[in-house]
Amino acid sequence: MEKQNEEVARLRCQRIGCNATFTEDDNPEGSCTYHDSPIFHDGIKEWSCCKKRSHDFSLFLEIPGCKTGKHTTEKPVLTKPAATPKTPVSAHSTTLASSTPAKELCSRCRQGFFCSDHEQKHPATTVPAGSNIDAQAPPAPVKKIVSISEPQICKNKGCGKTFKEKDNHETACSYHPGPAVFHDRMRGWKCCDIYVKEFDEFMSIPPCTKGWHDANPAS
């Protein structure tokens, strides 16, 4: 009974960038690592606290928290800092992490969002001037054959759950067909036409569509 009470007493930290669980009796100073409010401006995502930024949403979420403190169940009051001036970002800097192989561990890939860090890239096919050879599209990748009992990760947007094909069915997955929309400080999903101003509210928008889990989505 005491163990059950301990499990019930576990709380979810509401600080941005933390999302850990804790208890009131085990919440020392410095146990929480978090960020202040995010800034979205002209396609650039930036943390107001540490000024670290990224064009890619997945890389932005992976930036480690710069502040420490105690966990809390109170949602942060997001300030409205003025957007920083737009500065050119080198294309080289946005592709430094493109060789990271841990796609299955990436939270954005698991939820089906576009992720330039793990997006598969194919070299462009070029044809010399004056050549009569038609450019041929790269061959389609060979689809991996897996057992119906092998765990797979659903790549539908907003899902990211682990499933087995033998348990898959037409209402097993709750997801967003998409796309995600970020415009004029509003963020939301075009599929269900829900838009919010706050970042944590966007992350909490419930999926609007039921369907099959899919480990290899077409897009």
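**Close-up views of the cores and aromatic pairs**

**View 1. The largest nonpolar core.** In this predicted model, the largest nonpolar core is made up of 11 residues, namely Ile16, Phe40, Trp47, Phe57, Phe60, Ile63, Trp189, Val196, Phe199, Phe202 and Ile205. A nonpolar core is here a set of buried Ala, Val, Leu, Ile, Met, Phe, Trp, Tyr and Cys residues joined through side-chain atoms within 4.5 Å, where buried means under 20% relative accessible area, exposed over 50% and partly exposed in between, with a 1.4 Å probe and protein chains only. Helices α2 and α4 each supply at least two residues of this core, helices (H or I, at least four residues) and strands (E, at least two) being DSSP runs numbered from the N terminus. Apart from this core lies another, of 6 residues, including Cys159, Phe163, Cys173 and Tyr175.

**View 2. The pair of Trp47 and Phe60.** The whole structure contains 5 aromatic pairs, a pair being rings of Phe, Tyr and Trp (its six-membered ring) whose centres lie within 6.5 Å, with planes under 30 degrees apart counted as stacked, over 60 as edge-to-face and the rest as tilted. Trp47 and Phe60 form a stacked pair, 4.4 Å centre to centre with 15° between the planes. This pair links distant parts of the chain, since Trp47 belongs to strand β5 (residues 44–47) and Phe60 to helix α2 (residues 57–61), 13 residues apart. Trp47 and Phe60 are both buried.

**View 3. The pair of Trp189 and Phe202.** Trp189 and Phe202 are likewise stacked, at 5.8 Å centre to centre and 20° between the planes. Here Trp189 in strand β12 (residues 186–189) and Phe202 in helix α4 (residues 199–203) are 13 residues apart, and the pair links distant parts of the chain. Both Trp189 and Phe202 are buried. Ring pairs join Phe40, Trp47, Phe60, Phe182, Trp189 and Phe202 into a cluster.

**View 4. Charges over rings.** Lys45 lies over the face of Phe182, at 5.9 Å from the ring centre, and Arg15 lies over the face of Tyr34, at 4.3 Å from the ring centre. For such a placement, NZ of Lys or CZ of Arg must be within 6 Å of the ring centre and within 35 degrees of the ring normal.

**Notes to all views.** Residues are numbered from 1 along each chain as its sequence is written, and side-chain values use heavy atoms, with hydrogens and water left out. Because the model is predicted, local features need pLDDT of at least 70 and side-chain atom pairs count only at pLDDT 80 or more, whereas totals for chains, interfaces and linings use all residues.
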